[in-house]
Amino acid sequence: MKRVPVLILLVCLNISACKKEDIDIELYGTWKVYDVPTDIFGNPRVVDFDFVTFLSSNHYSVFHADTTIQSGTYSLTKISPLEISGYETINYTINLEESFNLHPHGNLYNYGVGFYVVFNGQDSLSLATSISTSGLNNGWFSFVRKKNK
């Protein structure tokens with residue numbers, strides 16, 4: 001009889017672990033940027049990096065012309081759901097901790113705050129450092145999953 005509560009606890013832990021793994025699996029891979037709010041100098045809509053890769057080892061890399069220009073570790077955190085206009089419900093934030101940066105002008109896309117994360121299907125990802133629940137939301141970094149050739 002003592003085994004039943006332990007078994008129930010193990011099943012619950014396994015189910016919650018699977019849910020986290022599912023969202024991580026959605027994030028893993030290489031994402032091609034197609035729209036940004038600003039470049040690293042604050043200039044609007046200048047795409048100055050090509051890809052971001054998130055690995056299962058909780059490491060990320062940012063690439064420009066097939067050269068790593070920033071890398072480090074990331075952590076994905078579940079938050080209370082946020083409903084905003086024009087996007088699905090936001091359930092996660094991602095924090096990047098930079099360990100390598102080639103750019104001479106400081107942090108590249110690491111604002112010291114987490115990014116809000118929206119998965120739009122399996123092949124679309126949006127990240128933002130701030131959001132508005134009542135106004136325009138045009139501060140999103142938009143990505144599509146890079147296809148292997």
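**Strand order, pairing and core of a predicted barrel**

From the N terminus on, the elements of the chain follow the order α-β-β-β-β-β-β-β-β, which amounts to 1 helix and 8 strands. In this description, helices (H or I, at least four residues) and strands (E, at least two) are DSSP runs, numbered from the N terminus. The structure is a predicted model, in which local features need pLDDT of at least 70 and side-chain atom pairs count only at pLDDT 80 or more, while totals for chains, interfaces and linings use all residues. Residues are numbered from 1 along each chain as its sequence is written, and side-chain values use heavy atoms, with hydrogens and water left out.

The strands form a closed barrel of 8, running β1-β2-β3-β4-β5-β6-β7-β8 with antiparallel pairing, where two strands are taken to pair if DSSP finds at least two bridges between them. From one strand to the next, the twist averages 35°; the axes behind such angles are lines fitted to C-alpha atoms, for helices over the stretch in contact, and the angles run from 0 to 180 degrees between N-to-C directions.

Although Ser-57 and Tyr-28 are 29 residues apart in sequence, their C-alpha atoms are 9.5 Å apart in space.

Strand β3 is also paired with strand β4 (residues 67–82), in the antiparallel sense and over 6 bridges; here the bridge partner of Tyr-60 is Gly-72 in β4. These two strands form a hairpin with 2 residues between them, and Ala-65 in the turn has a positive phi of about 50°. Ser-61, which is placed in strand β3, has a relative accessible area of 16% and is therefore counted as buried. When neighbours within four places in sequence are left aside, Ser-61 is in contact (heavy atoms within 4.5 Å) with Phe-51, Val-52, Thr-53, Thr-68, Gln-70 and Ser-71.

A nonpolar core is defined as a set of buried Ala, Val, Leu, Ile, Met, Phe, Trp, Tyr and Cys residues joined through side-chain atoms within 4.5 Å. The largest such core has 23 residues, and those with the most contacts inside it are Phe-49, Phe-54, Ile-94, Leu-125 and Phe-143. At least two residues of this core are supplied by each of β1 (29–35), β2, β3, β4, β5 (90–101), β6 (115–119), β7 (124–128) and β8 (140–145). A second, separate core of 5 residues includes Ile-84, Ile-90, Ala-128 and Trp-140. With neighbours within four places in sequence again left aside, the residues in contact with Phe-54 include Leu-27, Trp-31, Tyr-60, Tyr-74, Ile-94, Leu-96 and Leu-125.

A search of the whole structure finds 3 aromatic pairs; rings of Phe, Tyr and Trp (its six-membered ring) pair if their centres lie within 6.5 Å, with planes under 30 degrees apart counted as stacked, over 60 as edge-to-face and the rest as tilted. One of these is the tilted pair of Phe-49 and Phe-143, at 6.3 Å centre to centre and with 50° between the planes. This pair links distant parts of the chain, since Phe-49 is in the loop between β1 and β2 and Phe-143 is in strand β8, 94 residues apart. Both Phe-49 and Phe-143 are buried. The rings of Phe-54 and Tyr-74 have centres 5.2 Å apart and planes at 85°, so this pair is edge-to-face. Phe-54 in strand β2 and Tyr-74 in strand β4 are 20 residues apart, and both are buried.

Over the whole chain of 149 residues, buried residues make up 32%. Of the contacts with a separation of 6 or more, 45% are between residues 24 or more positions apart.

Technical notes
Buried < 20%, exposed > 50% of the residue type's maximum accessible area, 1.4 Å probe, protein only.
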